[in-house]
Amino acid sequence: MTFPRASQALARFTVLDLTRVRSGPTAVRQFADWGANVIKIGALTGDATGEQPGGPRHGSDFQNLHRNKRAMTLDLKQPQGLAVFRRLVAKADVVIENFRPDVKARLGIDYESLRAINPRIILGSISGFGQDGPYAGRPGFDQIAQGMGGLMSITGAPGEGPMRAGIPVADLTAGLFCALGVMTALLERDVSGEGQWVQTSLLQAQIFMLDFQAARWLMDGEVPQQAGNNHPTSIPTGVFRTADGYINIATTGGRIWQRCAETLGAPELISNPDYATAPARSTNRDTLNADINALTERQTSAYWVETLNAAGVPCGPIYSVDQMFDDEQVRHLGIAQDVPNPDGRTIRLVGQPVSLSRTPTRMAARPPEFGEQTDEVLAEFGFSGGEIAALRQNKVV
């Protein structure tokens, strides 16, 4: 295969990508970035210039989701197209899709159908609410999952109504959990020799991401509430004004709180009975925050970040996105990476947040154009030149 590999870590696997929008492509991106042979299969009737609602093909969102893979077109609604897909499945390791649950059965690409072709195949499926159950037929959308999954009820300032998170948390985490499940299934297949069906949903992913907030209800019967910029349980932890902006300060435990008060130049806060214990600080959080703000606004953000961290008190700036990418530590980590491309376009994207010492990942190839490698992929799967020409003539690819 002439296509450049992003890594050698997953180079032995072939992944057929039937996904769209965000959650599915997020799952597939994990395989593409770690060197799997990822083949994005687009509907023949798709828009060659862009993909909705993910924005134009050369737009930042599409480019960030679909790097390091190849693309072909295929009409799965035609019997010939389905026959082509079955031949691909016979040699593939993984299929990932995020159709509505009923679509797979209608197209004949459900797990049992795929397993009959290739018992080692692993099908990764992402839905809005699960593959079955009373809401299985509903279309999934990130903000709907944020609301139903409890996140919006604990996000935002108290009394100001529910608030969505600033990123599509449900979409992104469902994609990552799907990728983790598929990789787990691949490891298990080394033992059993058999594939399996990996399922997750936006709703399940969002609930899992509640983490300790969900456990507060399940274990203690406590319904978490909105806390704004305050941490729900560790006070003082939140946003504080400075002479030129805002910072985050985080205290966990009495000793860090004492160091914080001392470094702020207000040791008297430690002995104040309203702040002497964690429960007291939680009860009197508004007053305590006001007292801290009166101190932090006397110096700049840079001063407090340096001074508090030097004293062992976690503190950090609050950046806009451009400021974040300009930070010296972010630059050092190299997470913003240029993508080589023969078009001469400037493509700079967010790289993987994980590093491997022997088989690192890289930005190896720009996202493919619409059906760019159709003939190349089909030839690799054993289709003859005559077969490919016939498929094109019949508008199957």
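Predicted model: local features only at pLDDT ≥ 70, side-chain atom pairs only at ≥ 80, totals over all residues.

Reader: Start with the fold. How many helices and strands does the secondary structure of the chain come to?

Author: There are 18 helices and eleven strands. The C-alpha trace spans about 85 × 50 × 40 Å along its principal axes.

Reader: And what percentage of the residues is buried?

Author: Of the 397 residues in the chain, 47% are buried.

Reader: How many residues line the largest pocket, and which lie nearest its centre?

Author: The lining has 47 residues, and those nearest the centre are Arg22, Ser23, Thr26, Asp171 and Leu172. By class, the lining of the largest pocket divides into 24 nonpolar, 13 polar and ten charged residues.

Reader: Switching to charges. How many salt bridges does the count come to?

Author: The count is 18. One of them pairs arginine 70 with glutamate 376, and their closest N and O atoms are 2.5 Å apart.

Reader: Where do arginine 70 and glutamate 376 sit?

Author: Arginine 70 is in strand 3 (residues 70-73) and glutamate 376 is in helix 17 (residues 374-380).

Reader: Is arginine 70 buried or exposed?

Author: Arginine 70 is buried, because its relative accessible area is 0% and the cut-off for buried is under 20%.

Reader: What about arginine 100, which residue does it form a salt bridge with?

Author: With aspartate 102, where the closest N and O atoms are 3.7 Å apart. Arginine 100 is partly exposed at 39% relative accessibility, and aspartate 102 is partly exposed as well, at 36%.

Reader: And aspartate 326, what is its partner?

Author: Arginine 331, with 3.5 Å between the closest N and O atoms of the salt bridge. Aspartate 326 is exposed at 53% relative accessible area, whereas arginine 331 counts as partly exposed at 48%.

Reader: Backbone now. Which peptide bond is cis?

Author: The bond from isoleucine 235 to proline 236 is cis, with omega near 0°. Proline 236 is in the loop between helix 9 and strand 7.

Reader: Where does proline 224 lie?

Author: Proline 224 is in the loop between helix 9 (212-220) and strand 7 (237-241). At 13% relative accessibility, proline 224 is buried. The C-alpha atom of proline 224 is 6.5 Å from that of isoleucine 154, although the two residues are 70 apart along the chain.

Reader: What is phi at valine 21?

Author: Near 60°, which is a positive value in a residue other than glycine. Valine 21 lies in the loop between strand 1 (14-17) and helix 1, and is partly exposed at 34% relative accessibility.

Reader: And asparagine 68, what is its phi?

Author: Asparagine 68 has a positive phi too, about 65°, and is not a glycine either. Asparagine 68 sits in the loop between helix 2 and strand 3.

Reader: Buried or exposed, asparagine 68?

Author: Buried, because its relative accessible area is 2%.

Reader: Last topic, the surface. Which residues form a nonpolar patch?

Author: Tyr135, Phe141, Ile144 and Met148 form one, with about 390 Å² of accessible area together.

Reader: Where in the secondary structure is isoleucine 144?

Author: Isoleucine 144 is in helix 6 (residues 142-148). With a relative accessible area of 44%, isoleucine 144 is partly exposed.

Technical notes
Residues numbered from 1 in each chain as written. Heavy atoms only, no water. Patch = residues over 30% accessible without salt bridge, like charges linked within 9 Å, V, L, I, M, F, W, Y side chains within 5 Å. Areas by Shrake-Rupley, 256 points an atom, 1.4 Å probe, with all protein chains shown as cover. Salt bridge = Lys/Arg side-chain N within 4 Å of Asp/Glu carboxyl O. Helix = DSSP H or I, 4+ residues; strand = E, 2+ residues; numbered from the N terminus. Buried < 20%, exposed > 50% of the residue type's maximum accessible area, 1.4 Å probe, protein only. 1 Å grid on protein atoms, 1.4 Å probe; cavity = no way out; pocket = protein on both sides within 12 Å on 5 of 7 lines; lining within 4 Å. Nonpolar A, V, L, I, M, F, W, Y, C, P; charged D, E, K, R; others polar.
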